[in-house]
Amino acid sequence: MRIAYVNGSYIDNALASVHIEDRGYQFSDGIYEYIAFYNGLLLDGDLHFKRLERSLRELEIGMPVVPSALRVIVRELIERNGREEGGLYIQVTRGVSPRNHIYPKNVRPSLVMTVCGAKTPKQSEFENGVKIMSCHDNRWERRDIKSISLLPNIMAKQEAGRQKMREALFIETDGTVNEGSASNFFMVTKAGVVTTHPADNDILPGISRDVLIKLATKAGIAVDERKFDIAEAKAAPEAFITSTSINVLPVVKIDDKLIGKGVVGEITMKLQELYNSHIYKQTGKKF
Ligand SMILES: Cc1ncc(COP(=O)(O)O)c(C=O)c1O
């Protein structure tokens with residue numbers, strides 16, 4: 001049976017519910033994290049907890065429980081779900097209060113956690129790469145906060161699905177490539193430089209993005225965090241997207257344009273190896 005955690009109780013996922021005046025439900029007034037786990041071990045748990053705390057701080061929402069208690073609940077929930085491998089959603093909202101735009105005082109933040117199966121891409125996608133589509137970035141200006149307000153993201157992904165594309169790539173009006181609807185985007189330049197948008201307010205600072213940059217740098221691969229436009233991305237010999245659920249997923253086509261020769265590039269393959277061995281070292285999971 002799937003078990004959810006809701007404000008202090010572990011309950012059957014099918015029966016889990018929140019109050020209709022929860023501000024997450026009313027206003028999307030909350031944040032979330034998605035953490036992968038393999039062999040019962042969290043992948044980069046500390047980095048996810050740190051980002052969760054930062055998102056809450058930026059929105060002036062308190063921690064629902066102390067950080068050490070959060071970890072205990074996570075461990076307990078994974079155990080109760082009896083899953084060795086999968087994904088964990090942690091969602092924190094400002095809490096329950098009569099509808100009013102102004103932040104309520106002395107309200108207890110709501111904490112919900114759920115566990116689901118792993119969302120890993122198919123092996124053929126890792127090996128052959130995926131196609132993605134570009135679309136206008138119509139989100140707000142604080143994309144660095146992992147907010148539960150995801151309407152533009154889900155609409156973009158829905159359109160990508162309609163067009164049989166794996167991901168939607170958000171582009172500014174001036175052509176700047178930001179990130180995917182649920183991933184960070186990288187290109188590899190002709191000079192072999194792994195290039196991605198800087199971690200500012202325009203993108204979510206992905207944990208897999210951050211880890212990969214560090215792994216690449218350590219391996220002596222040049223990395224540049226700078227802005228670039230969609231024309232440069234389409235002309236790049238290699239591209240890929242990253243996230244906690246897709247790891248390093250090669251991109252072989254953007255809209256109608258093949259990336260390089262339309263096959264997975266050498267540097268991308270090397271980065272896949274580096275990231276996979278990072279997962280293995282932490283959790284024992286082999287990709
Ligand atoms: C908009 C957006 N960018 C980037 C990412 C990748 O973040 P992470 O590597 O932490 O999973 C996500 C993940 O959900 C996302 O929603």
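Leaving aside neighbours within four places in sequence, which residues is Leu169 in contact with? The legends below take up this question and others.

**Figure 1. Overview of the predicted model.** Residues are numbered from 1 along each chain as its sequence is written. This is a predicted model, in which local features need pLDDT of at least 70, side-chain atom pairs count only at pLDDT 80 or more, and totals for chains, interfaces and linings use all residues. The protein has eight helices and 15 strands, where helices (H or I, at least four residues) and strands (E, at least two) are DSSP runs numbered from the N terminus. Its radius of gyration is 19 Å, close to the 19 Å that the globule rule gives for 287 residues, so the protein is as compact as a globular protein of that length. That radius is taken over C-alpha atoms, and the rule is 2.2 Å times the number of residues to the power 0.38. Along the principal axes, the C-alpha atoms fill a box of roughly 55 × 40 × 35 Å.

Figure 2. Domain 1 (3-116) and domain 2 (123-283) are given by the domain assignment, which is automatic or comes from a database. Their C-alpha centres lie 27 Å apart. In domain 1, 22 residues are in contact with 13 residues of domain 2; contact requires C-beta atoms, placed from the backbone, within 7 Å. On the domain 1 side, strand E3 (30-38), helix H2 (45-58) and strand E5 (86-93) each give two or more residues, and E3 gives the most, with eight. By class, this side has 10 nonpolar, eight polar and four charged residues. Ala, Val, Leu, Ile, Met, Phe, Trp, Tyr, Cys and Pro count as nonpolar, Asp, Glu, Lys and Arg as charged, and the others, Gly among them, as polar.

**Figure 3. Leu169 and the largest nonpolar core.** Leu169 is in contact with Ile132, Met133, Ser134, Cys135, Val177, Gly180, Phe185 and Ile254, apart from its neighbours within four places in sequence. The largest nonpolar core has 36 residues, of which Ile132, Ala168, Leu169, Ala239 and Val251 touch the most other members. Such a core is a set of buried Ala, Val, Leu, Ile, Met, Phe, Trp, Tyr and Cys residues joined through C-beta atoms within 7 Å. A residue is buried if 20 or more other C-beta atoms lie within 10 Å of its own, exposed if 12 or fewer, and partly exposed in between, with C-beta atoms placed from the backbone. Elements supplying at least two residues of this core include strand E7 (130-136), strand E8 (167-171) and strand E14 (247-254). E14 gives the most, with five residues.

**Figure 4. The shell around the ligand.** Among the 14 residues around the ligand, Leu204, Gly206, Ile207, Ser208 and Thr244 come nearest; a residue is near if its C-beta atom, placed from the backbone, lies within 6 Å of the molecule. Helix H6 (207-218) and strand E13 (238-243) give two or more residues to this shell. H6 gives the most, with three. The shell divides into four nonpolar, eight polar and two charged residues.

**Figure 5. Surroundings of Leu204.** Leu204 lies in the loop between strand E11 (194-196) and H6. It counts as buried because it has 22 C-beta neighbours inside 10 Å. Not counting residues up to four places away in sequence, Leu204 touches Arg143, Asp144, Lys146 and Glu179. Asp144 is 60 residues from Leu204 along the chain, and their C-alpha atoms are separated by 4.2 Å.

Note on methods
Contact = placed C-beta atoms within 7 Å.
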